[in-house]
Amino acid sequence: MTLWARFRGGVHPDAHKTTAQCATQPLPRPERVVLPLRQHIGAPCQPLVKKGDEVALGQPIGDTDAPVAAPVHASASGKVAAVEPRLSPSGRMEQAVVIETAPEDTPWEGLPAGLGWDFDPDLLDPAFIRDRVRQAGLVGMGGAGFPAAVKLAAKPGCEPDAVILNGAECEPSITSDHRLMLEHPEQVVLGLRLFMRACGARRGIIGIEANKADAAARLSQAVAGDPSISVEVLPVRYPQGAEKMLVWALLRRAVPVGAIPLDVGVVVQNVATAAAAAVALAEGRPLTDRIVTVSGRVGSPGNWRVPLGTSFVDVVEAAGGVTGSLARVIAGGPMMGTAQADLNVPVTKTTGSIILLGPEDLDTTPAGPCIRCGRCVSACPMGLLPAQLCSAALASDWAAAERFHVRACMECGSCSYVCPARRPLVQSIRLAKSELGRRARQGRG
Amino acid sequence: MSKTESGELLVSSSPHLWAGVSTGRIMRDVLIALTPAALGAVYFFGWRAAAVIALSMGAAALSEWGCERLMGKPSTLADGSALVTGLLLALTLPPTAPFWLPVLGAFFAIAVVKVAFGGLGHNFVNPALAARAFLLAAFPAVMTTWTKPFDAVTTATPLAVLPNPFSAEVMAGDLPSYTDLLLGTVGGSLGETSAILLLLGAAYLLVKQIIDWRIPVGFLGTLALFTWAFGGQAGLFTGDPLYHVLAGGAILGAFFMATDYVTGPITAKGRWIFAAGCGLITALIRLYGGYPEGVLFAILLMNVVTPLIDRFLVPAPFGGVKGRA
């Protein structure tokens, strides 16, 4: 137990983990899947199929030579109906492959052979593991979507000594990682061993918030007898699952602004990514589905294993449909998730949760003037001054925003969550960051 | 028919949750916290106190409403900050105050100190304190005429018993006891006499985390330390720090005035500096200055320094910045 391991700042929203005891259910087969060719941070994939092609389950349908990217696979057998821009839950229009699904799935014959569930990760070549992780299209499934193989790649001068699996799931309402850890602890642990082997780390840590004691117990059982891996229970505090907060809480190592955990010898991956890596190596299956928590104003909230590309409409239908009137749909958690303009968007590799809110769930308190109460300063886990950043950003004073370290903001939203005046704190910081990014790109170009 | 309807969805940038503690709720909590002291004032000084409090709060609210109406701006009365200013001002006025005094003071606080500088969040000094300073400068006689509780006899506040309240003969003479200071059975402004009633409200604000504990601790700690070290007649460290903390406006100032969000620093380190500055200046004025009481000017001076403190104290982000030592 490392319950003492607190990071500075943070907030404590109501957990609302009402679906924690809802076992993961299969979803009825969707008639159509829409697979955006970018479901990760990095370059979009190029389509490998065209309209009219027959595709099989697990067949790559998009890939690229760009260094930071992850391939996309058919999540169902069927026929390609279109390759066209579609609205993605990120809010962007992304090139996407639309597949009319066949009644039955036939696995793609080109899939690599699985190693079975009894192999020893330490006997595998690290490069082989990294290659398989890339081939399987794995990305950070906690929400960020950074290509998993890139994080495992060797970097001269940085020898990671520890791999941390992020099982904090600190966002309210989401329980998909919780269910995964409960239902498939062996996959999570095997994935961790694979990651440790792939990057040469001798130590593995699984970090879990204290409100998931049952999952921590299951995982502890699964790692029993392996002294290199420990399961650590962390205090419930948002954003405990933020990479930098997690590394600090578990190892007391601070990742500087502009650096990544690898710079302090740590590789952080999500528990769902680890489980997907285990499946990819053991069964040869690429990432074609994931667990999604559906909560809020639906008939029966719960957790579903959803083929990627399934429309939110189909998922919500399986969860009993919308009850009452719908005012907001969030992909991801309520703190950092993306509000959707349309329910007809596909589940992607990073969609851990769909939250449906009615008008009664939305707060409409208007913004008032900043009263300088300092709550945002106390809440900021990065030690920033959100109030000052906000006034700099709203005045388009980008130099001041830089002086107040705007780039250090990870956009957790704790500041806006606590602000009594409802100031657009993290929102204006995002504005400043994107404006500064645009200027930097222009300066280079 | 599908049970899932894609109607009008509201899109906004995350977070989609809010803690729910609004500016209005904070002001309401401050009013609640000041209620024991206000009721104490009525108990000690009678119906006049109630009238002074009501007039001050009413004039503050009316001034804000009137100014905003004149400027064609939406009314901000609902945030409750004008009522807080009115109540705080009333608690610093003498029980013998003529009825025009709170009205004029509240108008000055709201119209000149607050609204003229842009309203809530933009005033650079605490409106209630600035109004008290204005009244003190303009009407010194009215502002320093005190009555003892339950008594029509006019006496001086304990800090103004004698020309030099901390001279040897004063310290050796009949000062109010700690018990009197705690209970409030001494002369003084409406709301500053009873330390216990003020501390009751302060505890409420601390528990609800409305105010930062650093400010009263730093303020009163510095005041106590300094008066203990230099306030005694028998040499260093012979002063009476408890007397200095309990008497006069130190408690009211440290818990309710110096903790005003708008006019204090926003960082923890900045608040320590601010609080220590308040304590130090209060002690200096009390021990060496010409005014009998230093709390008012100490806080006002530190209010003015606040932008500088915030400007120079930009904390380094967590973990530091890569490439910089």
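**Entry 1**

I began with strand 17 (residues 353–357) of chain A, where 5 of the 5 residues are buried, so the strand is largely enclosed by the rest of the structure. A note to myself before going on: this is a predicted model.

Next I asked which residues of strand 17 of chain A point one way and which the other. A:Ser353, A:Ile355 and A:Leu357 point one way, while A:Ile354 and A:Leu356 point the other way, and all are buried. I jotted down the general rule beside this: side chains of a regular strand alternate between the two faces of the sheet.

**Entry 2: partners of strand 17**

I then looked up what strand 17 of chain A pairs with. Strand 13 (residues 289–296) of chain A pairs with strand 17 in the parallel sense, over 4 bridges. Within that topic I found A:Gly296, whose bridge partner in strand 17 of chain A is A:Leu356.

Strand 15 (residues 328–331) of chain A is also joined to strand 17 by 4 bridges, and these two run antiparallel. Here I picked out A:Ile330, which has A:Ile355 of strand 17 as its bridge partner.

**Entry 3: a four-stranded sheet**

In what order do the 4 strands of the open sheet in chain A lie? I read the order as 11-10-9-12, with parallel pairing. Strand 11 (229–234) and strand 12 (266–270) of chain A are the edges, each pairing on one side only. On average, neighbouring strands of this sheet are turned by 25° against each other, direction ignored.

I looked at one pair in detail: strand 9 (residues 162–167) and strand 10 (residues 203–209) of chain A run parallel and are joined by 6 bridges. A:Gly167 has A:Ile208 in strand 10 of chain A as its bridge partner. Helix 5 (residues 213–223) of chain A packs on the sheet and touches strand 9, strand 10 and strand 11 of chain A. The direction of helix 5 makes about 170° with that of strand 11 of chain A.

**Entry 4: domains**

Chain A is divided into domain 1 (121–283) and domain 2 (375–444). Their centres, taken over C-alpha atoms, are separated by 29 Å. How many residues of each are in contact? I found 5 residues of domain 1 against 7 residues of domain 2 of chain A. On the domain 1 side, the residues divide into 5 nonpolar, no polar and no charged.

**Entry 5: the two chains**

Last, I turned to the contact with chain B, which takes 38 residues from chain B and 61 residues from chain A. The chain B side that touches chain A divides into 19 nonpolar, 15 polar and 4 charged residues.

Note on methods. Residues are numbered from 1 along each chain as its sequence is written. Chains are lettered from A and ligands numbered from 1 in the order in which they are written. This is a predicted model: local features need pLDDT of at least 70, side-chain atom pairs count only at pLDDT 80 or more; totals for chains, interfaces and linings use all residues. Two strands pair if DSSP finds at least two bridges between them. Axes are lines fitted to C-alpha atoms, for helices over the stretch in contact, and angles run from 0 to 180 degrees between N-to-C directions. Two residues are in contact if their C-beta atoms, placed from the backbone, lie within 7 Å. Ala, Val, Leu, Ile, Met, Phe, Trp, Tyr, Cys and Pro count as nonpolar, Asp, Glu, Lys and Arg as charged, and the others, Gly among them, as polar. Domain bounds come from an automatic or database domain assignment. A residue is buried if 20 or more other C-beta atoms lie within 10 Å of its own, exposed if 12 or fewer, and partly exposed in between; C-beta atoms are placed from the backbone.
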